[in-house]
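Biologist: I would like to learn how to read charged side chains in a protein model. Could you take me through it step by step?

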Amino acid sequence: MGSKNKLKRFSENETFSNVFQPTREEVVGNEFPLRGKWNSEFFKNDNPIVLELGCGKGEYSVGLAERFPEKNFIGIDIKGARFWRGAKTAVESGMNNVAFVRTQIELINHIFTENEVSEIWITFPDPQIKYKRTKHRMTNSEFLNNYKKILKPNGLMHLKTDSEFMHGYTLGLLHGEGHEVIYANHNIYKNEGAPAEVTGIQTFYESQYLEVNKAITYIQFKIK
């Protein structure tokens, strides 16, 4: 993407009422004004809040918001030029149950407070295969502990990925740490039983993976 195009998208993001781009200093200093107030101050309802972490272009956040108008969805990504597409689609479609925040995943405890979130989706994260990159895997123990802090009791987690490594690593960790695996499938388009929203919504890259018959995996679990 050209730099001019990026700047245009950054500029347009600033005009969207559903986009929030706090500075790192604001977030770390617990100065983000919607923390603990997403329902009352932004969505203006008591509906469950669902996050998509590393939301990319925002296709999944928007797709879920369309399917479940009785829930609120928030896409999180550090690259605002990417989720510009999802934010723009939501604005143009008049969707009031979806928002986007430009921040780092490791800072979400400063964006949400305890028990504020009902579900978390992780869609096609970088598997960080090298051992020295373990600390950056979005399902490692430290990240899971962070998610647990903001999730309601029995809050759901979803991992959808094209990486067999990430799928296997996460399953092993979940079983090893005693978390509850509700559903696991290493090829959701060839095996039955996956929730409708798992196969009914596809990201841009996911559709490309399917064209070359690359298996898509999915895990639904609860953090104990």
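Predicted model: local features only at pLDDT ≥ 70, side-chain atom pairs only at ≥ 80, totals over all residues.

Biologist: How many salt bridges does the structure hold?

Modeller: The general idea comes first. Side chains can pair when they carry opposite charge and their charged atoms come close. In this structure there are six salt bridges.

Biologist: Which side chain meets Glu119 in a salt bridge?

Modeller: That of Lys71, with an N to O distance of 2.8 Å. Next, look at where the two residues lie. Glu119 is in strand β5 (residues 117-123) and Lys71 is in the loop between α4 (59-67) and β3, so their pairing ties together parts that are 48 residues apart in sequence.

Biologist: Is Glu119 buried or exposed?

Modeller: Buried means under 20% relative accessible area. Glu119 has 12% relative accessibility, so Glu119 counts as buried.

Biologist: What is the spacing of Lys88 and Glu92 in helix α5?

Modeller: Lys88 and Glu92 are four residues apart in that helix, which means a separation of about one helical turn. They form a salt bridge, and their closest N and O atoms are 3.4 Å apart.

Biologist: Which residues are linked with Lys88 in a network of salt bridges?

Modeller: Arg85 and Glu92 are linked with Lys88 in such a network.

Biologist: Where do Lys224 and Glu180 lie?

Modeller: Their side chains meet in a salt bridge at 3.2 Å, N to O. Lys224 lies in the segment after β8 (217-222) and Glu180 in strand β7 (residues 180-185), so this pair ties together parts 44 residues apart in sequence. Lys224 counts as partly exposed at 46% relative accessibility, and Glu180 counts as partly exposed at 32%.

Biologist: Which residues gather in a patch of positive charge on the surface?

Modeller: The patch is made up of Lys6, Lys57, Lys79 and Arg82. Take Lys79 as the example: Lys79 is found in the loop between β3 (72-77) and α5 (80-92). With a relative accessible area of 44%, Lys79 is partly exposed.

Biologist: Where is Glu31, and is Glu31 buried or exposed?

Modeller: Glu31 sits in the loop between α2 (24-28) and α3 (38-43). Its relative accessible area is 54%, so Glu31 is exposed.

Definitions and conventions:
Residues numbered from 1 in each chain as written. Heavy atoms only, no water. Patch = residues over 30% accessible without salt bridge, like charges linked within 9 Å, V, L, I, M, F, W, Y side chains within 5 Å. Areas by Shrake-Rupley, 256 points an atom, 1.4 Å probe, with all protein chains shown as cover. Salt bridge = Lys/Arg side-chain N within 4 Å of Asp/Glu carboxyl O. Lys, Arg positive; Asp, Glu negative; His and termini not counted. Charge placed at Lys NZ, Arg CZ, Asp CG, Glu CD. Helix = DSSP H or I, 4+ residues; strand = E, 2+ residues; numbered from the N terminus. Buried < 20%, exposed > 50% of the residue type's maximum accessible area, 1.4 Å probe, protein only.
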